[in-house]
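User: Hello! I am new to this structure and would enjoy a close look at one part of it. Could you pick a spot and walk me through its surroundings?

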Amino acid sequence: MLVVVFLFVFSGSLFGQAASGNERFDQKQYVEAANAYERIPVAQRDIGIYNRLGISYHLSNQLRAAENAYRSGLRLSQNNANVLNNLA
């Protein structure tokens, strides 16, 4: 029972960070979006998170961090057209 509660709270927190990042991203608050995405544990990030993290960094002129985020995403999906396009 305790494990189920822990997983529920943890996944809710994870979802909350992604939702917060997406909300900030949609509001063009890219620094805040990147901060929210960065709070998601690396093991829980998917290609979409890495892509939006990269875009957030790119649009806040943090180009090295953007490149790192895109490359991290490509480790999950080597041929992802969106990430490859954003990295180019």
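Analyst: Let's start with Ser-56, which is found in helix H3. Please keep in mind that this is a predicted model.

Is Ser-56 buried or exposed? Its relative accessibility is 0%, so Ser-56 counts as buried, the cut-off for that being under 20%.

The largest nonpolar core has 17 residues. Phe-25 and Tyr-37 are among those with the most contacts inside it, together with Ile-40, Ile-49, Leu-53, Tyr-57 and Tyr-70. Four helices each supply at least two residues of this core: H1 (2-26), H2 (30-38), H3 (47-59) and H4 (63-76). The largest share, 5 residues, comes from H3, the helix in which Ser-56 is found. As a general point, nonpolar side chains in soluble globular proteins tend to be buried together.

On the H3 side, the contact is made by Ile-47, Tyr-50, Asn-51, Leu-53, Gly-54, Ile-55, Tyr-57 and His-58. On the H4 side, you will find Leu-63, Ala-65, Ala-66, Ala-69, Tyr-70, Ser-72, Gly-73, Leu-74 and Leu-76. What kinds of residues make up this contact of H3 with H4? They divide into 12 nonpolar, 5 polar and no charged. Leu-53, Tyr-57 and Tyr-70, listed here in the contact, are also among the residues with the most contacts inside the core.

Ala-65 is found in helix H4, and its C-alpha atom is separated from that of Gly-54 by 7.1 Å. Along the chain, the two residues are 11 apart. Ala-65 has a relative accessible area of 22%, so this residue is partly exposed.

Between these two helices runs a loop, and Asn-61 is found there. Asn-61 has a positive phi of about 60° although it is not a glycine. With a relative accessible area of 62%, Asn-61 is exposed. Another residue of this kind is Lys-28, which is found in the loop between H1 and H2. Phi of Lys-28 is near 65°, again a positive value in a residue other than glycine. Lys-28 has 61% relative accessibility and so counts as exposed.

Finally, let's step back to the protein itself. There are 5 helices and 0 strands, and from the N terminus on the elements run α-α-α-α-α. Of the 88 residues, 33% are buried, Ser-56 being one of the buried residues. Among contacts between residues at least 6 apart in sequence, 35% join residues at least 24 apart.

Conventions: Residues are numbered from 1 along each chain as its sequence is written. This is a predicted model: local features need pLDDT of at least 70, side-chain atom pairs count only at pLDDT 80 or more; totals for chains, interfaces and linings use all residues. Side-chain values use heavy atoms; hydrogens and water are left out. A nonpolar core is a set of buried Ala, Val, Leu, Ile, Met, Phe, Trp, Tyr and Cys residues joined through side-chain atoms within 4.5 Å. Buried means under 20% relative accessible area, exposed over 50%, partly exposed in between (1.4 Å probe, protein chains only). Contact means heavy atoms within 4.5 Å. Ala, Val, Leu, Ile, Met, Phe, Trp, Tyr, Cys and Pro count as nonpolar, Asp, Glu, Lys and Arg as charged, and the others, Gly among them, as polar.
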